[in-house]
Structure formats: C-alpha cells, structure tokens
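Good morning, colleagues. May I ask you to look at the sequence and the structure as they come up on the screen?

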Amino acid sequence: MTTDSTLNLHSVLIANRGEIAVRIARVARDLGIRSIAVYSEADAGALHTLIADEAYALPGNTSAETYMNVPALLDIAARAGADCVHPGYGFLSENSSFARDVEAAGLTWIGPTPDSIDQLGDKVSARKLATEAGAPLAPGTSHPIHDWQEAREFAEEHGMPIAIKAAFGGGGRGLKVVERKEDIEDAFVSAGREAKEAFGRPECYVEKFLMRPRHVEAQVLADDHGNVAVIGTRDCSTQRRFQKLIEEAPAPFLTDEQRTSIVEGSRQICRTAGYRGAGTVEFIVSEDGTVSFLEVNTRVQVEHPVTEAVTGVDVIAEQFRIAAGLPLSFEGDPESHGHAFEFRINAEDVAHGFVPSPGVVTKFEAPTGPGVRVDSGVRSGSEIPGFYDSLLAKLIVWGPTREIALRRAASALAEFDIAGVRTVIPFHRDMIGNPALTAEDGKLGVYTDWVDKEYKPGTGITLGHGVDIEDTYTERQTLVVEIDGELHRLGIPVGLLSGGAPAAGNDATASGANAGASNSGSQDVAGGVTSPYAGSVVAWKVIDGSFVEKGDAIAVIEAMKMESTVTANSTGRVSIKVQAGEKVDRGTVLAVIED
C-alpha cells in the first residue's frame, strides 16, 4: 500500500453522503489522507460525518441545495484546506462541469478527465465511440431526443419494446422501458423528470430493448502510464425498476466467447477514449446470447466491493493512486478467486412494491462470519431522510465456490437485523433460495426486469413456499427454551407477549424491518386513495372531477429519487385533496373516488 509521501495528496473533500462517503473516508485514513465530509441539515450527525476527520454543513436538504451545490462544495474545500475532491457515485460524480470547476480551483479531481466524462458519460456519444471500438450495439438514437414524438418515430421503425434512458447518468434513474406505444409520452416525461432530479440534466435517448436480457459489466482501472486493466466481470441482473439489488462476481454462466468480447470490448472502449480512473463498461446479454454494449459509467460503482472480494484490489485506493499520477499497484488483469455476492440493503417495503421507507433505524446489527463484509452508511439511531437514495448498506459475501457463497449469504442474511424502517432483507432472504438465482440447472433465470415481471414472494426456500412477505415484517421477540435437553428458538410476535395484537412493525428474526414511513397523515375515508409512502406529489394524471376506472393511473409520487404511480382503487369521479408539489405522509388521502 502506498503512503501519503508518495501519493502527494493530503486532504480530500468527499462530495457525497451515506455508505460511499464512509468507504472513501476509511480508505483515505488507510492512505494517511485527511478526510473532509459535508452534510445536509437532514444528515447532521450521520455516520459519514463521524467517520471523517472533519465535517462541514451544507444548508438545506434537497440534493440541489446540498450535495449538488457546486459553489458551496468548493467554498468548503477552500475553507477546509482540501487538495483533492472525491465525488463518490451519484450526485455530481459524472458532472464534467463540476470536475472542471474542481480543477480550476487548483484541486485534484479523483476521477476521469472532464473530457472523458463528456464523451462517455453522454450515453449517445458513448454509443458512437463503442461503434468505433467494434463493440456490438442494439439499435438506438444517435442524439438525445427533444420530445416524445421522436421516441414514437423510433418505435415505429424498430418496434416495441423500447428503452428511454437518461443521457447523463445511470443507476436506473431516468430509465423507462415502454411496451405500448400509447405509454411513450408519459414514460418520456417521467424519465426526463427523474434524470433532472438525479443528475441535473433531463436529456434522454432511445434504444431498442432486448427481451429478457442479463446485465453484465466489466470493472476497468486505467492510469496515465498506458495501463488499462479489466479487473473482473459482474452480473447485476437482479434488479427492481432497473435499479440493482443483487450483484455477483465473476459473472457466471458466460461462454468463453461472450466473456472475451465483454472484457476486450471494455478495454478497447476505454483505451480508445484515453480513459483514466475507475470506470464500468456495461453490456446486456440477451436471451439468445447476443452481447450488446449498454453504457459506460465514469465513476466508481455501488457494486465495486463484490469485485474487490474476488480480486483483492482496492478500487477506491487505486482511484487515489491514479489521480496522484501513479501507475496501478498491480500488473495485467488480476485473476479472480472464488465467488462473491453483494446485496443492497435498501430502505424499501417489499410487501408494498418496494416503496421507499424513510424513518429512524432503531437497531442495526450486522452479520459476521467467514467471507462476510458489510459497508454501511447507518448505525443504530440513524435517521433515514426521504430526500436521497434508499441505500442503507451493502452486504458482501465471498466463498471459494458460488455454491458456498450462496450458503454463506443465506446465513448472513438470516443474521442481519435492522429495525425501525422496512428494508429489502426479506426479498434477499427469499431470493437466496430461488431457483432463478441459485441456477441449479446451470442457467441463470433472472434478467433485468425479472423481479418486476415474474418474482412472487415466498417462492424461495428460505421464507417457505407461499409465505406472505407482509408477515415477515411483524415484530418478534426471540425466546430460547429447553425441551428434553435440546434448545429451541421461538419467534413470538411482540403483541402476543404483551397480551395485545401482533405489531406490524419490525421482525428481528425474519425481516429486520418495520412500517417505516409515518402514518401521521393517514385517514379512514370512504373511497380514499392514499399515498403508499412519505414523499411529494409530482403530478396528477387526472383533473378534479374527472371519471376514472379502477386501476387507472391518477397520480405520481416521488421519494428517495424514485417515482411511483398511484392508481384508482375504485370506479367513479375523482375529488383531489392534495395539490401537485405538496409533501405527504404514508397513508395521506390524496383523493376520494365517489361512485
């Protein structure tokens, strides 16, 4: 490991929050670099502010006011004496203007050059470069589209389904797959709105969506000395609304030809672009085996630890080395050893369609054991605000084989205990025994929208067949009793122990989650359509007094950078009770439908 004297970087401003800010601060400590955190009003006292050596306030709460406020970030960097800036992922990490402002202020940017971000971060120009590099491509527009009619014209030429994607960003934000032509306009508007909120730019492009595709990507590290290393592949096909939930490395069940095309295609794309730093080249592998370039993420990925687990390479530390002008700390492409899975622990309610679940984490007990690693941005007592991404932590599990890694993961997930907010842990526990993921037949069954289309809670062996996933959120207390010299563990609903009804809250033994968002706005109103979570009403799809059928889309709600459509629960005339732009609690009556 390099020292600060050879690195020539001394103080890093971490322009981010949550688990990635914690991760960067800890690597900086290893390298002898002083870490400087920033925080919004909602994040005062958050874990990343305590792990870093120093922390400075960003007045406000929204992303635009705080973690995407360039003048405020640069002012803190100057006041704190930072000599470099690490943007993490999300927020401004793929914003070339921010990178240029950082360099103009005399600071070192821990990332690719602004020109590389422009070329590769723009998904349209990245497609052009991939064509030059000889990478396979699905049909797509050669420029960002300006209105939904262009998307419709593309669909008429190439057929349905199509994917409308944010041109500047990633992580599933601003990505809509459209299967019917009549839904194109709404999808285009929604994708642009999400892209603007997440990345500051609303431009989108369109490409043909390949059916039942796997998502396979390659982790690249490139320095200024001519080294372009591909340090492994990952499969990230288990997604919800095209945001990843489970990743594994190396990507399994690929042919040698597919693996070579992904690795060498990634290397050639980055070499052609003159890339420097950490980056990820993403591909889709369709049901018929076709490999098609997807995009390049010009930043460190959320899932980078799963590659670290099988290669031993510290991706964040290499980012610092590269930014300091040093060569990579290894030669060639490192070999992978064993197999690893990463499980994103999001504050989302699986029983109600993965809706956001902000609140206070009353208990956070991480699992232990061989090959187990937890990267967390929270601890017991942490508050999860509704302004940002729902990611709380990441569970990474390594094993010498894929089968052993799955068994270790099942044990680790069983031990993971989070209370106070509902999380996706029940989903992970269910998936770890699902044949679509375990692939006993040697074929991965999941694809990028498999969760949205085919997942049925309780189909895995861990929860048990037919188990209602809502029941796993019931708060339980574990009792240990001895019967005939043998210990038995019983999970008893808390309400039964106190003589009342079972509490629909946390499940210390099965889910580690509770109801999450406040119900303070909930009302028992006949015909009332309620908000599924705490957030903001983005838009109404109907006007006051209009007639709707049961199941019609009537409103769009947003929280934690995620939009959800609210549908009519009956047929009748709508009486709107909350205006667009207003904040609501979980259970707030948005409208009343009268017969």
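Predicted model: local features only at pLDDT ≥ 70, side-chain atom pairs only at ≥ 80, totals over all residues.

Let us begin with helix α7, which spans residues 123-132. Which of its residues are buried? They are K123, V124, A126, R127, L129 and A130. In general, an α-helix has 3.6 residues a turn, so residues three or four places apart point the same way. After α7 comes G134, which has a positive phi, near 85°.

Helix α2 covers residues 18-30 and helix α12 covers residues 315-323; their axes come within 9 Å and cross at roughly 65°. The crossing is right-handed. On the α2 side, the contact involves I20, R23, I24 and V27, while α12 contributes V315, I316, A317 and F320. Of these residues, seven are nonpolar, none is polar and one is charged.

The second pair is α4, residues 70-80, and α5, residues 96-104. How do they lie relative to each other? Their axes come within 11 Å and cross at roughly 30°, and the two helices are therefore roughly parallel, since angles under 35 degrees count as such. This crossing is right-handed. V70, L73 and L74 of α4 meet F98, D101 and V102 of α5. Here the contact has five nonpolar residues, no polar ones and one charged.

Terms used:
Residues numbered from 1 in each chain as written. Heavy atoms only, no water. Buried < 20%, exposed > 50% of the residue type's maximum accessible area, 1.4 Å probe, protein only. Helix = DSSP H or I, 4+ residues; strand = E, 2+ residues; numbered from the N terminus. Axes fitted to C-alpha atoms, helices over the stretch in contact; angles between N-to-C directions. Left-handed = near helix turned anticlockwise from the far one by under 90°. Contact = heavy atoms within 4.5 Å. Nonpolar A, V, L, I, M, F, W, Y, C, P; charged D, E, K, R; others polar. Parallel < 35°, antiparallel > 145°, perpendicular 65-115°, else oblique.
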